[in-house]
Amino acid sequence: MHSGVKVGLRLLPAPPGSGVIFRRTDLGGFEVEAIGRNVARVSYATSLMKKGVLISTTEHLLAALMGIGIDNAIVELDNLELPILDGSAQPFVEMVRRAGIRKQRRARTYMRIRRTVELRDGNKFIAIHPADSYSVSYSINFPHPLIGAETYAAELTPEVFQREIAPARTFGSLQDERAMRDMGLIRGVSAENCIVLNRDSVINGPLRYPDEFVRHKMLDLIGDLALLGRRILGRVVADRAGHAMHTAMVALLLRDRSLWEEATLDDEAGQMRSDMPVAAPTLA
Ligand SMILES: [Zn+2]
């Protein structure tokens with residue numbers, strides 16, 4: 001999207017407890033873990049860096065993996081930026097579905113939020129409240145006749161993610177295009193991978209949802225919070241936040257261990273146990 005370079009990407013299985021690991025096959029297989037301490041540059045996209053090796057625009061793939069419940073995966077790529085594809089998380093979801101999902105024999109470890117955590121910057125904010133599941137509510141207020149004030153809220157299950165959130169595409173306006181190109185950004189952007197707005201309409205419609213914009217912001221948030229390295233048990237509320245604020249929340253949670261605890265869910269542990277091989281009954 002931003003660099004405009006060609007990239008090949010492959011998803012591979014990883015053992016329990018691995019998390020998501022990016023692997024640069026063009027740099028001898030150098031690995032960069034998808035975790036908050038590797039967050040490098042955050043402006044119009046989220047980038048990771050480790051020992052000078054960059055992995056750029058991670059949010060849509062990480063949202064897809066979190067959204068459909070993938071905890072462990074290796075992501076091989078042969079360049080510095082993930083592909084933008086159609087501007088949504090949908091093509092990544094389809095990749096995983098085609099490959100299939102294997103349930104691993106270890107209970108998932110969650111990050112259970114213990115008390116409300118909040119970050120505020122003027123009228124932007126993000127908060128996470130304690131809860132027994134992972135839900136997100138996002139609000140935006142864009143000065144555009146098609147957008148304005150929108151709020152979207154969802155309980156984050158794989159079904160809801162695939163149907164309501166994954167297809168929502170990134171967006172940008174023709175008014176901002178020149179400034180972004182001057183910054184060396186959006187070299188790979190086209191009407192095939194981005195909703196393009198002019199002053200009062202969408203020039204490459206139709207939209208996939210009337211409120212596709214706020215749904216895409218939620219997708220970005222889910223992808224950025226995936227850098228916690230664990231699935232959240234908490235209720236996330238965000239208003240006009242962005243990648244910088246999303247990743248600031250990740251840094252805050254990873255820094256302050258008193259804000260959360262590791263937890264497993266009883267019914268999942270039970271399911272995992274029932275997957276285990278059972279000794280065959282011995283006939284007398
Ligand atoms: Zn995005």
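**Notebook: loops, zinc, salt bridges**

I started at Leu85, which I found in the loop between β7 and α2. In these notes, helices (H or I, at least four residues) and strands (E, at least two) are DSSP runs, numbered from the N terminus. I'm working on a predicted model, so local features need pLDDT of at least 70 and side-chain atom pairs count only at pLDDT 80 or more, while totals for chains, interfaces and linings use all residues. Residues are numbered from 1 along each chain as its sequence is written, and side-chain values use heavy atoms, with hydrogens and water left out.

I looked up Leu85 for its phi, which is near 55 degrees, a positive value in a residue other than glycine. Leu85 has 38% relative accessibility, so I put it down as partly exposed; the cut-offs are under 20% relative accessible area for buried, over 50% for exposed and partly exposed in between (1.4 Å probe, protein chains only).

Thr57 also went on my list, with a positive phi of about 60 degrees although it is not a glycine. I placed Thr57 in the loop between β6 (53–56) and α1. Its relative accessible area is 6%, so Thr57 is buried.

Where is the cis peptide bond? I found it joining Gly205 and Pro206, with omega about 0 degrees. Pro206 sits in the loop between β14 (195–197) and α5.

Tyr209 lies in the loop between β14 and α5 too. At 11% relative accessibility, I count Tyr209 as buried. I then asked what Tyr209 touches once its neighbours within four places in sequence are left aside. The list is Arg163, Glu164, Ile165, Pro167, Ala168 and Arg215, where contact means heavy atoms within 4.5 Å. I also checked Tyr209 against Ile35: they are 174 residues apart in sequence and 31 Å apart in space, C-alpha to C-alpha.

**Zinc site**

Which residues coordinate the zinc ion? I read off His60 (NE2), His216 (NE2) and Asp220 (OD), at 2.1 Å. Donors here are N, O and S atoms within 2.8 Å of the metal (3.2 Å for Na, K and Ca), and water is not among the atoms, so sites may look incomplete. Along the chain, the zinc donors follow the spacing H-x155-H-x3-D. The two histidines link distant parts of the chain, with His60 in helix α1 and His216 in helix α5, 156 residues apart. I have both histidines down as buried: His60 has a relative accessible area of 6%, and His216 has 1%.

**How α1 meets α5**

Next I looked at the two helices themselves. The axes of α1 (residues 59–67) and α5 (residues 212–225) come within 7 Å and cross at roughly 80 degrees. That makes α1 roughly perpendicular to α5. For the angle classes, under 35 degrees is roughly parallel, over 145 roughly antiparallel, 65 to 115 roughly perpendicular and the rest oblique. The axes are lines fitted to C-alpha atoms, for helices over the stretch in contact, with angles from 0 to 180 degrees between N-to-C directions.

From α1, I noted Glu59, His60, Leu62, Ala63 and Met66; they meet His216, Leu219, Asp220, Ile222, Gly223 and Asp224 in α5. By class, this contact of α1 with α5 has five nonpolar, three polar and three charged residues. Ala, Val, Leu, Ile, Met, Phe, Trp, Tyr, Cys and Pro count as nonpolar, Asp, Glu, Lys and Arg as charged, and the others, Gly among them, as polar.

**Salt bridges**

How many salt bridges turn up in a search of the whole structure? I got 18, taking a salt bridge as a side-chain nitrogen of Lys or Arg within 4 Å of a carboxyl oxygen of Asp or Glu. I looked at several of them.

Lys50 pairs with Glu33, the closest N and O atoms being 3.1 Å apart. This pair links distant parts of the chain, Lys50 in strand β5 (residues 46–50) and Glu33 in strand β3 (residues 30–33), 17 residues apart. Lys50 is partly exposed at 23% relative accessibility, and Glu33 is partly exposed at 22%.

Arg108 forms a salt bridge with Asp71, with 2.9 Å between the closest N and O atoms. I traced Arg108 to the loop between α2 (90–99) and β8 (110–113) and Asp71 to the loop between α1 and β7 (73–77), 37 residues apart. Arg108 is buried at 17% relative accessible area, whereas Asp71 is partly exposed at 32%.

Arg240 bridges to Asp239, the closest N and O atoms being 3.1 Å apart. Here Arg240 is partly exposed at 28% and Asp239 is buried at 16%.

My last entry is a network of salt bridges that links Arg10, Arg23, Glu31 and Glu76.
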